[in-house]
Amino acid sequence: MKNLEQFHAVTLSFTRAVEANDGEALAALFMPDGVYVDGFYGAFVGREAIAMMLKDHFWGHAKDFRWRMSNHALTNDQGYVTYLFSYNSVLPEANGKQVVFDGIGHFTFSHDLIGRYEEQFNTGMALAQLDFDAVRIKKHLSKKAAVLREAEAAG
């Protein structure tokens, strides 16, 4: 990534593609073998998988997305942002409920394309806004904790 201005432009294109359900535009920002690691759905590898993730997972479960990235920081091929994200659920058990959360996004670039995007946010807070029962939220958070414990054990 050449400079902060270019990074801003990429993140604006990124969020606009998500908000417009434009999987091709989102995928085009990534390397052909790029990886999108979503806080809810996990990792999607390759442009086709990233476009499918947007259509089937994001827009299959929600609508009315708003994604605002700010506090951009860029060092060599690493970019970081804070963000505010919201949507309205279309899940049958939570239809119409609005979810709002903040997080941090981490971009790794290769040849001015995204090689990897991953994020950190409080998924439990997001699920609580959907009025999911405590058992469902605990199951989700326990899976996330297991991944962290595995990573820590691996060194």
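This is a predicted model: local features need pLDDT of at least 70, side-chain atom pairs count only at pLDDT 80 or more; totals for chains, interfaces and linings use all residues.
Local features were considered at pLDDT of at least 70 and side-chain atom pairs only at pLDDT 80 or more, whereas totals for chains, interfaces and linings use all residues. Residues are numbered from 1 along each chain as its sequence is written, and side-chain values use heavy atoms, with hydrogens and water left out.

Helices (H or I, at least four residues) and strands (E, at least two) are DSSP runs numbered from the N terminus. Six strands form an open sheet of mixed pairing in the order β2-β1-β6-β5-β4-β3, two strands being paired if DSSP finds at least two bridges between them. Because β2 (42–45) and β3 (62–75) stand at the edges with a single partner strand each, one side of each is left without a neighbour in the sheet. Neighbouring strands are turned by 20° against each other on average, direction ignored. Strands β5 (residues 98–110) and β6 (residues 113–121) run antiparallel and are joined by eight bridges, and phenylalanine 109 stands opposite isoleucine 114 in β6.

Helix α1 packs on this sheet, touching β1 (30–38), β3, β4 (78–89), β5 and β6, and its direction makes about 170° with that of β3; contact means heavy atoms within 4.5 Å, and angles run from 0 to 180 degrees between N-to-C directions of axes fitted to C-alpha atoms, for helices over the stretch in contact. Helix α3 likewise packs on the sheet, where it touches β1, β2, β3, β4 and β6, with its direction at about 35° to that of β1.

The axes of α1 (residues 4–19) and α3 (residues 47–61) come within 10 Å and cross at roughly 65°. The two helices are therefore roughly perpendicular to each other, a class that spans 65 to 115 degrees. In this contact, Ala17, Val18 and Glu19 of α1 meet Leu54, Phe58 and Trp59 of α3.

Beyond its neighbours within four places in sequence, tyrosine 36 is in contact with residues including Phe14, Leu26, Phe58, Trp67 and Tyr117.

Phenylalanine 121, found in strand β6, is buried, with a relative accessible area of 12% (buried means under 20%, with a 1.4 Å probe and protein chains only).

Definitions and conventions. Angles under 35 degrees count as roughly parallel, over 145 as roughly antiparallel, 65 to 115 as roughly perpendicular and the rest as oblique. Buried means under 20% relative accessible area, exposed over 50%, partly exposed in between (1.4 Å probe, protein chains only).
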